[in-house]
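Hi everyone, thanks for coming. Let me put a structure up on the screen, and then we can walk through it together.

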Amino acid sequence: MDRTSDCGSEGCRFDSCRAHMNLSTPIGQLPRIGPIYQRKLKRLGVKTVKDLFFHFPHRYEDFSNIIPVSNVKLNETCCIQGKILEIENTRTWRKKMSLTHVVVGDKTGAIKVIWYNQPYLIKTLKKGDSICLTGKMVLGKRDAYLNNPSYEKLGSLEDLTHTGRIVPVYPETEGLSSRWLRFILKPLLIHLKSKIKDPLPKEIIKKHKLLDIQKAIWQVHFPDSLNLAKKAQERFSFEGLFDISLFTLKARMIMASKKAPSIPIDLELVQRFVKSLSFKLTDAQKKSSWRILKDIEKPRPMNRLLEGDVGSGKTVVATMAALNVIKGGYQAAFMAPTEILAKQHFKTLADLVKDFKLDLGLLTGKEDKFVSKKLKNDVIEISRKKLLEKTEEGKINLLIGTHALIQDKVKFANLGLVILDEQHRFGVKQRAKLSKKTKQAIPHLLSMTATPIPRTLALTIYGDLDLSLINELPKGRKKVITKVVSLKDRQKSYGFIKKQVKKGKQIFVICPRIEKGEKKDKKGDILGWAEAKAVKEEHKKLSESIFPHLKVGMLHGKMPLKEKERMMKDFKNKKVDILVSTSVVEVGIDIPNATVMMIEGAERFGLAQLHQFRGRVGRSKYQSYCFIFTDSSAKKTTQRMKALIDCENGFELAERDLKIRGPGDFSGTRQWGMPDLIMDSLKDIFLVEKTKEAARETLELDPQLKKYPLLREKIEEFGERIYLE
Ligand code: ADP
Ligand code: MG
């Protein structure tokens with residue numbers, strides 16, 4: 001849009017000209033939104049007019065019932081309309097607070113109103129102005145008054161925005177008030193809502209009696225009744241779940257139309273592998289292994305998610321599948337979330353298949369040395385170039401690595417299976433990119449996660465994947481004793497730790513942050529909490545004053561990889577007794593000798609994450625403990641900590657977590673980039689099923705979504721986000 005020339009419409013002043021605006025106009029180009037507000041809005045993910053429209057209120061206040069002044073009652077919230085009879089500013093002499101005293105009257109009487117510290121009001125509100133007020137009558141020293149009400153001038157006959165109606169309340173971030181949002185949003189909505197096109201098929205709107213989008217977007221922000229607000233929310237929930245279902249069903253259809261290598265189960269091989277293990281597989285391990293092997297036998301790409309608690313033994317299951325694939329004449333790739341874990345897996349897998357004469361490669365991101373393990377020989381270091389060549393020639397049977405595996409340079413001769421540790425998913429394109437002979441077949445995919453997903457979420461956001469659960473731990477593991485430790489018992493727990501170390505055991509201490517004063521949230525924005533425990537301070541405190549005679553190590557994400565690895569190694573080799581760490585130890589690290597997991601600032605972690613931490617101990621025959629510290633007494637925190645104590649099983653815990661927190665914070669949900677309102681409705685199993693059905697019907701009639709270009713566009717956008725393409 002050319003923003004430097006007059007558009008010809010009456011009163012055009014470029015930036016503030018409505019004729020210049022559309023849904024994709026960046027918020028920076030809107031009148032009244034300066035750089036500070038832009039930054040605040042961006043923190044909410046709001047960059048354009050459209051984003052602003054889809055920033056939904058999280059609740060409403062009903063001020064629609066305007067009553068006569070004479071009916072106003074003490075200690076009740078009310079809404080009145082009247083004229084300003086008097087207005088003046090004063091100051092309290094003691095506290096130096098500014099007070100604006102106003103008298104407002106209607107036909108039935110007059111009441112006093114007081115605003116605190118808003119002396120500027122006197123510039124906008126004048127004697128004789130008509131005004132609408134919403135607030136609470138309270139009793140002061142001398143008489144009763146309406147305390148700090150929301151106000152709205154009734155000068156123009158425009159509809160009310162902040163009072164005298166059902167008022168939207170938005171989730172507020174620092175300095176972004178609902179009043180301000182309403183003030184910005186309303187004129188934009190009035191002017192631009194007609195430009196919003198409805199992505200939902202007309203038939204669906206009709207069949208399910210949904211509001212159309214223009215009506216819904218208005219009613220969700222400025223509802224005429226609470227019932228209409230609900231209808232509007234329902235429409236958006238329906239749409240969100242419908243989109244997700246459409247995406248996952250479509251992904252399924254695409255997968256089902258592709259070819260994958262059909263690799264028969266080599267029973268003799270599988271039995272030999274199982275015999276070679278130093279333990280007996282659990283029933284759940286056997287069952288999921290069998291499902292996976294059966295999938296791989298089919299000429300269609302497997303798309304399976306293997307869910308199982310920390311320590312439930314997913315690696316063996318994946319290894320068995322890889323072995324079968326490799327002996328069937330194909331290569332396998334194994335992707336881990338971090339370099340440390342990739343290296344750990346390399347060792348574990350090499351050990352698991354040591355009797356089977358395989359060539360394994362390790363490819364990580366940063367370093368230039370790569371390692372290949374020829375069976376029963378030592379590890380040989382080779383250059384990256386060589387490793388890539390060997391992979392492309394098909395000489396590496398199993399390539400293990402980090403995200404580096406999906407670089408364009410990495411090509412396989414005949415990739416049969418991709419294993420992803422900690423849930424990423426790959427689309428057709430990503431899988432095809434890995435294989436050299438893309439035209440013929442795409443590899444099977446097994447992704448694994450230790451974060452159990454509640455059933456409704458599994459049905460929707462992971463609807464494109466088939467699920468296998470490992471819902472039991474190997475026998476002989478002791479339940480980790482979990483305790484919330486109160487302030488006064490902190491010293492006792494340190495004493496306990498000393499005793500454990502004396503017995504030769506090791507301890508984890510987890511802190512929410514790396515250093516004090518670092519106040520950032522997930523998106524890197526500055527937040528206001530400085531009091532959370534930090535690794536560096538805690539390390540200093542523990543090593544200098546609490547455990548001066550013990551070896552206390554430190555681990556966090558900002559340390560160079562080499563140092564991190566050295567620390568992990570030292571911890572593994574018992575050169576360090578106590579490891580103070582951030583959440584970097586969350587996934588996968590295996591230290592069977594650790595028996596105490598101490599978590600500081602527990603309220604700052606999700607339940608799944610806390611459960612993951614706890615899973616770092618109790619990996620051996622020794623009794624292990626998880627000590628939780630929190631100074632939050634919020635109800636939700638208490639509920640969550642109780643859930644953690646009650647449930648040792650991650651699946652149960654996940655269901656509880658879903659009830660307490662709602663789905664918004666579950667791993668995998670954020671990626672969809674949906675408003676909380678929609679994510680919340682993922683809990684609603686009936687709606688989930690209804691939208692799934694609607695998506696199925698739509699795709700049956702129009703598999704390519706030719707009739708619905710807006711839907712198709714949305715689905716494609718999902719693909720880019722979900723598959724990290
Ligand atoms: P995760 O599911 O968290 O990835 P791992 O695969 O790392 O778990 O397994 C955790 C530990 O349990 C490993 O040391 C592994 O060798 C061991 N393990 C796996 N399966 C069994 C089993 N059936 N019995 C005993 N130990 C097992
Ligand atoms: Mg694992």
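I'll talk about confidence, then a pair of helices, then the cavities.

First, some ground rules. This is a predicted model, where local features need pLDDT of at least 70, side-chain atom pairs count only at pLDDT 80 or more, and totals for chains, interfaces and linings use all residues. Residues are numbered from 1 along each chain as its sequence is written, and side-chain values use heavy atoms, leaving out hydrogens and water.

pLDDT is the predictor's confidence in each residue, from 0 to 100. The protein chain has a mean of 86, with 91% of its residues at 70 or more. Residues 1–15 fall below 50, and so do residues 518–530.

Now the helices, which are DSSP runs (H or I, at least four residues) numbered from the N terminus.

Finally, the cavities. On a 1 Å grid over the protein atoms alone, a cavity is a set of points where a 1.4 Å probe fits but cannot get out, and lining residues have an atom within 4 Å of a point. The model has three cavities of 30 Å³ or more. Lining the largest one are residues including His611, Asp657 and Phe666. Helix H18 (607–614) and helix H20 (650–661) each give two or more residues to that lining.

Note on methods: Chains lettered and ligands numbered in written order. Contact = heavy atoms within 4.5 Å. 1 Å grid on protein atoms, 1.4 Å probe; cavity = no way out; pocket = protein on both sides within 12 Å on 5 of 7 lines; lining within 4 Å. Points joined across faces, edges and corners; volume = space filled by probe spheres on them.
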